[in-house]
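The tour below goes through salt bridges, one selection at a time.

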Amino acid sequence: MRSGHDISLELVATAGLPIKEYDVPTHDVDYLPTYDGSLALQLSEEDSIANRDFVLRYSVDGKQPQATVLTHTNEQGGFLSLMVQPPELDIDELVGNREIIFVVDVSGSMHGVPLSMCQDAMREAIRKLRPVDTFNVITFSGRTQKAFASPRPANETNIKSAMQTINGLRAGGGTHMLNAVNEALGTEVEQGRHRYVFFFTDGYVGNEKRIFDGAAKLVKRLERSGQRAKVFGFGVGSSTNRHLLD
């Protein structure tokens with residue numbers, strides 16, 4: 001925090017289209033009325049204010065894509081900025097019901113910061129799941145374990161249970177990845193759901209060819225059965241096995 005007596009800020013945002021809503025997550029602000037569709041704000045008068053960057057987020061109104069041009073002239077000449085705004089979208093409808101699977105390497109090489117980063121990422125993601133989503137956490141080292149026998153709805157009870165599992169993760173042992181791949185992708189996707197799988201690993205394994213061959217067979221089997229999944233690999237640590245992750 002810093003003193004609020006010797007600093008002021010007034011901001012005018014001109015988007016070229018009517019601004020529908022705005023958010024300032026960093027500071028308290030007062031709204032200033034305007035008559036041209038722009039947004040004007042000023043810092044609220046406070047004895048002390050947050051000593052950090054001022055962040056404004058806003059969205060514009062429009063159910064269809066819209067383009068607008070802003071112009072400006074000065075002694076150097078004229079300038080223009082072309083802005084194309086995307087339409088307002090129903091994200092929930094577009095995304096649909098999701099099945100989110102986290103697969104986490106808890107072998108010895110993930111000890112310390114790498115595993116801690118994975119835990120932070122999973123906590124953040126799970127907190128943002130919707131009640132219509134299902135999820136599971138799969139860990140692998142010398143053996144493969146699951147938080148739940150099958151993906152569960154992202155309700156308060158299941159999220160709390162998953163957080164306890166995540167908080168209790170400890171790194172140690174070897175890296176047997178193929179069983180975890182099969183656990184994440186080998187089961188059928190529930191009707192009406194879209195599967196997303198997130199792999200967190202440094203990729204330090206000794207049986208790369210077996211993993212590649214097994215994954216290729218798994219993909220062919222899934223194609224024949226009409227199963228689909230979007231898979232994202234995250235290399236964690238200071239020196240990851242890019243060859244394996246790619």
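A salt bridge is a side-chain nitrogen of Lys or Arg within 4 Å of a carboxyl oxygen of Asp or Glu.

The model is predicted, so local features need pLDDT of at least 70 and side-chain atom pairs count only at pLDDT 80 or more, while totals for chains, interfaces and linings use all residues. Residues are numbered from 1 along each chain as its sequence is written, and side-chain values use heavy atoms, leaving out hydrogens and water.

Searching the whole structure gives eleven salt bridges.

Select Arg2 and Asp6. Their closest N and O atoms are 2.2 Å apart, in a salt bridge. Arg2 is partly exposed, at 27% relative accessible area, whereas Asp6 is exposed, at 58%.

Next, select Arg130 and Asp133. A salt bridge joins their side chains, at 2.9 Å from N to O. Both Arg130 and Asp133 are buried.

Last, go to helix α5, residues 208–225. Helices here are DSSP runs (H or I, at least four residues), numbered from the N terminus. Select Lys209 and Asp213, which lie four residues apart in helix α5, about one turn. They form a salt bridge, with the closest N and O atoms 2.8 Å apart. Lys209 is exposed, at 59% relative accessibility, and Asp213 is partly exposed, at 34%.

Terms used
Buried < 20%, exposed > 50% of the residue type's maximum accessible area, 1.4 Å probe, protein only. Helix = DSSP H or I, 4+ residues; strand = E, 2+ residues; numbered from the N terminus.
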